[in-house]
Amino acid sequence: MKTFAKKIGLLAAVSALAVSTACSGGGNEAEEAAKSDTEAAGKQEQVAFTDISGDIRGNEKPSAEQIAEVNDTLNDTYLGDIFDQTIPSNYAAYPVPGDVTLDVWMPANADVPDMNTQIVQDQVEKLTGIKVNFITPPVGQEADSFTLMISSGELPDIIIDPGRYPGGFEAGVNDGAYLDLTDLMEKNAPNYNEWRNSDEMRRKTTVTDDGRLLGFYGIAPYSEWMWFGMLIKQEALDKTGLEVPTTVDEWHTFLTKAKEVGYSEPLNYGSTYGQIFTGILNGAYGAWDWTFLDPDGKVQWGPAQPQAKEYLATMQQWNKEGLLNRDWATADFNQRMATAISDKTAAMMDSPDTMWSYWKQQNGFDFVGAPNPVLNEGDQSQASYKNFMRAGSSAAVTTQAENVEAAMAFLDFSYTKKGWELLNYGEYGTVHLIDAEGKPYYPADSYIYKDPDGQPVATTLHKYRMHNWPDIRDEHNSNPLIVAEGSYSGDIRQAWTEEMDASMTMPPITFTQAEASREAELGNQLATLRSEYFAKIIMGEMPVDAYDKFLAEAQKMGLDEFLSLHQAALDRYNQR
């Protein structure tokens with residue numbers, strides 16, 4: 001890695017490259033362009049493939065030669081077109097010439113603590129001709145690692161999750177840490193460029209307000225289903241003799257009855273994902289977790305809504321009655337799961353994918369999904385979540401990348417048909433096969449479900465495929481927790497998405513550099529204030545009337561200014 005101090009020269013070089021790419025006049029430039037086009041055409045000719053769909057589609061017992069043909073070549077002729085838009089198949093850049101090694105910083109994953117051992121990435125290296133050195137900080141030290149990396153004056157070639165930069169992704173570009181890829185994308189990332197432009201929502205959510213392309217975003221073929229909500233053990237419904245509750249009062253009745261029949265802490269309220277504020281119970285009161293759109297399309301702040309005080313009074317009472325898990329304010333993921341599988345818990349606020357693994361697969365508990373509660377019977381259930389076709393992670397090419405074209409080619413592979421197959425479904429043969437229509441699937445003996453090391457699906461979904469990466473994430477078809485035989489987690493997520501109104505959800509807006517620092521400052525202060533007051537009120541350490549002081553302090557902190565920053569960003573987003 002080069003030192004950050006050397007970025008100016010590199011920026012100038014990149015600017016020159018962008019200018020030469022954009023210009024089209026002049027004799028020498030025209031000759032160079034023609035030469036480049038000829039070379040590209042020749043290279044494209046080299047990656048013309050023999051159609052092997054007859055050998056691969058529907059083949060449940062592929063030979064070693066057939067497995068090698070799929071895994072070791074860029075041939076994608078056996079893959080079908082299963083989405084509304086066709087996934088690109090431009091492999092002209094591969095293999096990238098020369099001996100190229102890229103440094104890639106990526107947040108840690110407990111299931112794959114060293115990304116250099118990730119099986120899928122090994123295959124990506126072979127197919128692209130690019131070696132990758134992953135820099136993966138220890139689990140729990142990602143934030144400190146990122147801060148030290150930025151402050152040290154040294155950057156890798158690529159950063160995954162670049163939004164960690166103070167002020168966000170765009171601030172990182174404006175400060176000279178990340179490259180602005182606007183003028184380089186069409187030439188150096190043809191697959192990403194084609195895919196993001198194949199749908200208006202994908203286009204709109206991957207460009208800045210002023211039309212710049214900062215980096216690579218995970219962009220799905222569809223808006224993924226809602227992933228988080230209320231889940232109830234079937235045995236708890238059986239023991240109480242009650243139906244799935246829909247109103248807040250029905251939930252109180254159910255939880256009270258569940259406690260009577262033996263569930264000592266019936267609702268696992270939790271805090272791992274900020275469940276206090278995610279618009280499940282609080283949404284019934286219009287007290288959404290953060291910003292949302294009111295019926296007029298204006299930005300509002302959930303904790304400041306009129307019925308937020310009523311929500312807090314309700315939760316304080318439930319906590320006093322022992323209806324919530326006692327450690328909801330401090331429990332980490334492992335503590336929550338340990339309580340969830342015990343006889344203390346009747347209901348969870350969590351992902352049905354996660355609970356299918358922990359409840360059903362590992363412990364034999366059947367469960368059902370419940371819609372977000374409403375106050376009055378017959379009201380429309382609402383949710384403050386919508387996917388907007390943005391999925392997975394994002395990536396930036398830094399200003400210290402020594403080979404910008406190779407860095408972009410590496411990331412661009414994720415948006416090819418071959419990249420879609422490999423990153424979503426893992427290795428052909430041991431992990432997935434191809435059905436008669438050209439769609440990848442996991443057979444019953446897939447390593448995903450029958451790991452040689454005996455690890456559960458919750459782990460193998462990271463071990464044998466990329467669950468969180470800047471790519472075309474095919475969550476509905478490739479998440480093994482959804483598509484496993486007998487799994488109904490996808491059915492729950494789909495029902496939530498289709499049956500609940502999510503029109504109040506804020507789209508993925510962006511802030512200007514000046515706005516970003518101020519928004520972050522105000523947002524951090526408001527979040528801290530909200531967490532402190534809401535938690536203490538619910539635990540009974542403060543009276544419900546303390547909410548009035550909370551609201552006054554929020555106003556004094558600059559709540560109106562905070563909302564005006566979000567409104568301005570929303571107005572610009574709507575004009576993209």
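The model shown is predicted: local features need pLDDT of at least 70, side-chain atom pairs count only at pLDDT 80 or more, and totals for chains, interfaces and linings use all residues. Residues are numbered from 1 along each chain as its sequence is written, and side-chain values use heavy atoms, with hydrogens and water left out. Ala-535 counts as buried because its relative accessibility is 15%. Buried means under 20% relative accessible area, exposed over 50%, and partly exposed in between (1.4 Å probe, protein chains only). Val-112 is 423 residues from Ala-535 in sequence and 34 Å away in space, C-alpha to C-alpha.

**Ile-492 in helix α21.** The helix covers residues 489–499. With 10% relative accessibility, Ile-492 counts as buried. Leaving aside neighbours within four places in sequence, Ile-492 is in contact with Leu-231, Pro-352, Phe-367, Val-368 and Gly-369. Asp-353 is 139 residues from Ile-492 in sequence, and the C-alpha atoms of the two lie 9.3 Å apart.

**Helix α17 and its cover.** Of the 9 residues of α17, 9 are buried, so the helix is largely enclosed by the rest of the structure. These are Lys-417, Lys-418, Gly-419, Trp-420, Glu-421, Leu-422, Leu-423, Asn-424 and Tyr-425. Among the elements that cover them are the helices α4, α5 and α19 (475–478) and the strands β12 (433–434) and β13 (440–441). Gly-426 follows the helix and has a positive phi, near 80°.

**The largest cavity, with a volume of about 50 Å³.** A search of the whole structure finds 3 cavities of 30 Å³ or more. On a 1 Å grid over the protein atoms alone, a cavity is a set of points where a 1.4 Å probe fits but cannot get out, and lining residues have an atom within 4 Å of a point. Grid points are joined across faces, edges and corners, and a volume is the space filled by probe spheres set on the points. The largest cavity is lined by Val-70, Asn-71, Gln-123, Leu-127, Lys-418, Glu-421, Leu-422, Gly-426, Glu-427, Tyr-428 and His-432. At least two lining residues come from each of α4 (64–71), α5 (119–128) and α17 (417–425). α17 gives the largest share, 3 residues. By class, the lining has 4 nonpolar, 4 polar and 3 charged residues; Ala, Val, Leu, Ile, Met, Phe, Trp, Tyr, Cys and Pro count as nonpolar, Asp, Glu, Lys and Arg as charged, and the others, Gly among them, as polar.

**The second largest cavity, with about 40 Å³ of space.** Its lining consists of Gly-80, Asp-81, Ile-82, Phe-83, Gln-85, Thr-86, Ile-87, Lys-417 and Trp-420. The classes are 4 nonpolar, 3 polar and 2 charged. Lys-417 and Trp-420 in this lining are also among the buried residues of α17.

**The cis peptide bond between Tyr-94 and Pro-95.** Omega of this bond is about -5°. Pro-95 lies in the loop between α4 and β1 (100–105). Most residues other than glycine have a negative phi, and most peptide bonds are trans.

**Positive phi at Asp-161 and Phe-388.** Asp-161, which is not a glycine, has phi near 70°. Asp-161 is placed in the loop between β3 (158–160) and α7 (169–174), and its relative accessibility of 26% makes it partly exposed. Phe-388 has a phi of about 60°, again positive in a residue that is not a glycine. The loop that holds Phe-388 runs between β10 (367–370) and β11 (390–397). Phe-388 is buried, at a relative accessible area of 9%.

**Overview of the chain, with 24 helices and 13 strands.** The C-alpha trace spans about 80 × 60 × 40 Å along its principal axes. Of the 576 residues, 52% count as buried. Among contacts between residues at least 6 apart in sequence, 75% join residues at least 24 apart.

Terms used: On a 1 Å grid over the protein atoms alone, a cavity is a set of points where a 1.4 Å probe fits but cannot get out, and a pocket is an open set with protein on both sides within 12 Å along at least five of seven lines; lining residues have an atom within 4 Å of a point. Helices (H or I, at least four residues) and strands (E, at least two) are DSSP runs, numbered from the N terminus. Contact means heavy atoms within 4.5 Å.
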